[in-house]
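Please read this note with the structure open beside it. Each point can be followed on the model by residue number.

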Amino acid sequence: MGHFHCCSYSEMSSTPLSFIFFFYLLISSSSSLLSFSSGAGFNLTTIAFDDGYNPLFGDFNLVRSPDGRSVRLLLDVSSGSGFISSSMYEHGFFSAKIKLPSDYTAGVVVALYASNGDVFEKNHDELDIEFLGNVEGKPWRFQTNLYGNGSTSRGREERYRLWFDPSKEFHRYSILWTAKNIIFYVDEVPIREVVRSDEMGGDYPTKPMSIYATIWDASSWATNGGKIKVNYDYAPFTADFKELVLEGCPMDPIQEYPDFTTCKEKDAWLETRNFAVLTPKRRSAMRKFRQHYMYYSCCYDVWRYPVKLPDCVIDPIEKARFNDTGRLRFSGSHKKQAKIAKARRKKKQRAASDERTDV
């Protein structure tokens, strides 16, 4: 989030109440962040880059670390860059610690995602975490999405803010994909769960997918609907990836008679892992994240989907924050919304007081 500027020391000395209020905000924010704790940590096995990945494009803008366990992706005026898993996977847990570009990043997109679009061009599956750059001083935002069987006309986007600056230090971002559900994580906080149902039909991803990481120029849509473009005066834009995790069942997606039973043992193992279990504490952390940091959801976008998507679970507290376009009723953070609501209450109180005076 953006930096909070209060005042100089002399100003605080002359206005002690302002200082107390500032101190209260600081403590409150820290407490809020600490309360996102979701319980015991994940026990993950990380791999070297070459043990699981290959360059995808922009090889000259992909830089491995000397120990081969981390990689830097660059975007400059000549090209973006990316890498792809050496295998395709039928379900799995895919994760990396990522540090995003800083300063002016409008139009830049950094993505960690699973897809099989290169193999199934007309009916591909996809799971996305996409980070959307912004003008200097404005926070990074990000979105999650999923497609199954080419269901691109029924995008399931959600967009969020973060409770930290993702360009200052590394944070872990993860996708869990099983036959039963999909969970997106930031660090060890679950931010979204999609539970498979019969009603979803082919919209639930089922075919083997590769894992990708990319940085690229998305000037046409990423920032303010494409109104603000990438400014290459700030290039190169760099995204760093480390502590890579690939846990899943490798499978050939185009073999004539695929044996899906080969993945049953790995699937069963995945579903018993710490990251696959949404404890009450984790569900509480997810609910709190969504109530404070989600600013768009396809599930509340009545204009786009008059009949809600079958995987949408409507939370009354969440729904109260959104209008029929799926966006927040008030722009800005939850603190700004509270401030606006308070101002409106005061206005109503003044009007009522004036009315009594007139009587």
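Predicted model: local features only at pLDDT ≥ 70, side-chain atom pairs only at ≥ 80, totals over all residues.

1. An open sheet contains 9 strands in the order β1-β4-β13-β6-β7-β8-β9-β15-β16, and their pairing is antiparallel. At its edges lie β1 (53-57) and β16 (325-327), each of which pairs on one side only. On average, neighbouring strands of this sheet are turned by 20 degrees against each other, with direction ignored.

2. Strand β13 (residues 210-217) deserves attention: 6 of its 8 residues are buried, so the strand is mostly covered. Its antiparallel pairing with strand β4 (residues 81-85) involves 4 bridges, and Ser 81 faces Ile 215 of β13. Strand β6 (residues 108-115) also runs antiparallel to β13, joined to it by 8 bridges; here Tyr 113 stands opposite Tyr 212.

3. At the other end of the strand order, β15 and β16 run antiparallel and are joined by 2 bridges. Asp 301 is placed opposite Thr 325 in β16.

4. The largest nonpolar core has 62 residues. Phe 83, Leu 127, Phe 131, Phe 142 and Phe 241 have the most contacts inside this core. Strand β15 (residues 294-301) contributes the most to this core, giving 6 residues.

5. Which residues does Phe 142 touch? Leaving aside residues up to four places away in sequence, its contacts include Ile 129, Phe 131, Leu 132, Tyr 160, Leu 162, Val 186, Ile 191 and Phe 289. Glu 130, Glu 158, Arg 159 and Arg 161 are also touched by Phe 142.

6. A second, separate core has 11 residues, among them Ile 183, Val 245, Ala 276 and Leu 278.

Note on methods. Residues numbered from 1 in each chain as written. Heavy atoms only, no water. Core = buried A, V, L, I, M, F, W, Y, C linked by side-chain atoms within 4.5 Å. Buried < 20%, exposed > 50% of the residue type's maximum accessible area, 1.4 Å probe, protein only. Contact = heavy atoms within 4.5 Å. Pairing = 2+ DSSP bridges. Axes fitted to C-alpha atoms, helices over the stretch in contact; angles between N-to-C directions.
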